[in-house]
Amino acid sequence: MCAMLADQAVVHACDLDEDELRWLSDKGPTDGAALARSFGLTLEHRLEGAAWVMPQETYDERVAGRFRFPGRRRSDAGTVRHAALLLIDGLVSGGDRSFELPDGRLVPLTDEDLDHLPLPPRHVAEVLGFVPGTDIDPISYGRAYYAAPDGPAADRPYVLLTEVLARTGYVGLCKIAIGRRERLAVLRPRHGVLVCQTLLWQDELREPGDLAPSTPVTDQELQLAETLLSELTGIEMRELHDEYDRALEQLVDAKVSGGEVETLPVPQPAADLLAALEESVRAARTSRSGEAD
């Protein structure tokens with residue numbers, strides 16, 4: 001759940017299973033507060049879900065689209081807190097929502113109206129076409145779900161699609177309905193089953209702007225960096241673990257015993273990049289030869 005909240009601005013209760021709902025109710029106020037401090041945001045928790053909000057930031061129409069708050073004119077001041085909460089189903093009294101037409105008229109929408117949106121049925125993927133898996137920018141990927149065949153009659157087409165995607169390296173682009181929202185997704189094979197993984201819409205992606213530094217590097221530095229990379233290949237993912245729980249145990253033990261926890265040094269940028277690369281290559285080769293022995 002912490003990873004989900006870190007990845008999504010809004011989490012709807014209707015999209016969560018029982019364990020996730022239990023976490024949101026029992027641990028959300030404490031663990032969520034820790035995340036909030038890290039992000040500099042506020043976690044708004046309601047029966048219908050939770051949302052990260054920035055109370056002081058000005059309302060942006062891109063957040064809520066053309067929907068408006070009941071009793072609030074578009075010209076009125078608003079906040080991102082209101083916009084985020086608008087995205088959570090049922091927060092507005094009675095499920096009442098209003099859609100503003102270009103001429104200013106308001107069309108009220110109820111929960112029953114929204115249940116009849118002309119979208120694909122929930123739990124059904126509408127396949128639009130197929131593209132090479134390498135064409136999907138990883139930054140677009142969202143949450144993954146296992147997709148199962150809908151009854152025995154679908155078993156053979158399901159197996160056929162899974163195997164042809166695995167053989168060709170293609171993925172299926174599709175649309176799915178999550179709650180009352182339409183999401184773009186991909187169907188891809190994994191261990192003989194299909195994974196349905198949501199994607200961000202193109203207008204949800206943010207460009208990095210001027211984050212990339214313009215400092216040039218030399219050919220010698222590039223060659224050493226490539227050598228270092230080749231020495232550090234072969235990582236076994238199954239051997240990697242989250243060390244947070246162990247570090248927390250060490251902190252608690254130190255508090256109980258009155259001792260101190262060893263603080264790891266903060267890495268500093270190398271003053272001499274070339275010398276640092278050479279030293280890293282030597283260290284990597286020494287480590288590899290030690291493992292071989």
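Student: Why does Val256 count as exposed?

Tutor: This is a predicted model, and every value discussed here is computed from it. Val256 has a relative accessibility of 71%. Exposed means over 50%, so Val256 counts as exposed.

Student: Where does Val256 lie, and which surface patch includes Val256?

Tutor: Val256 lies in helix 9, which spans residues 244–257. On the surface, Val256 forms a nonpolar patch with Tyr244, Leu248, Leu251, Val252 and Val261. Together these residues have about 560 Å² of accessible area.

Student: Which residues make up the largest nonpolar core?

Tutor: That core has seven residues: Met4, Val11, Leu16, Trp23, Leu24, Leu43 and Ala50. A second, separate core has six residues, among them Cys174, Ile176, Ile178 and Leu187. In soluble globular proteins, nonpolar side chains tend to be buried together.

Student: What makes Cys174 buried?

Tutor: The relative accessible area of Cys174 is 0%.

Student: What makes Glu20 and Arg143 a salt bridge?

Tutor: The side chains of Glu20 and Arg143 meet at 2.4 Å, N to O. The cut-off is 4 Å, so the pair counts as a salt bridge. Glu20 lies in helix 2 (residues 18–26) and Arg143 in strand 8 (residues 141–147), so the pair ties together parts that are 123 residues apart in sequence.

Student: Are Glu20 and Arg143 buried, partly exposed or exposed?

Tutor: Glu20 is buried, at 13% relative accessibility, whereas Arg143 is partly exposed, at 22%.

Student: Why is the pair Lys175 and Glu182 called a salt bridge?

Tutor: The closest N and O atoms of Lys175 and Glu182 are 3.9 Å apart. That distance is within 4 Å, so the pair is a salt bridge. Lys175 is partly exposed, at 24%, and Glu182 is partly exposed, at 25%.

Student: How many salt bridges does the whole structure have?

Tutor: A search finds six. One of them joins Arg105 and Asp103, at 2.7 Å, N to O. Arg105 is exposed, with a relative accessible area of 54%.

Conventions:
Residues are numbered from 1 along each chain as its sequence is written. This is a predicted model: local features need pLDDT of at least 70, side-chain atom pairs count only at pLDDT 80 or more; totals for chains, interfaces and linings use all residues. Side-chain values use heavy atoms; hydrogens and water are left out. Patches are made of residues with over 30% relative accessible area and no salt bridge: like charges are joined within 9 Å, nonpolar side chains (Val, Leu, Ile, Met, Phe, Trp, Tyr) within 5 Å. Accessible areas come from the Shrake-Rupley method with a 1.4 Å probe; for residues, only the protein chains shown count as cover. Helices (H or I, at least four residues) and strands (E, at least two) are DSSP runs, numbered from the N terminus. Buried means under 20% relative accessible area, exposed over 50%, partly exposed in between (1.4 Å probe, protein chains only). A nonpolar core is a set of buried Ala, Val, Leu, Ile, Met, Phe, Trp, Tyr and Cys residues joined through side-chain atoms within 4.5 Å.
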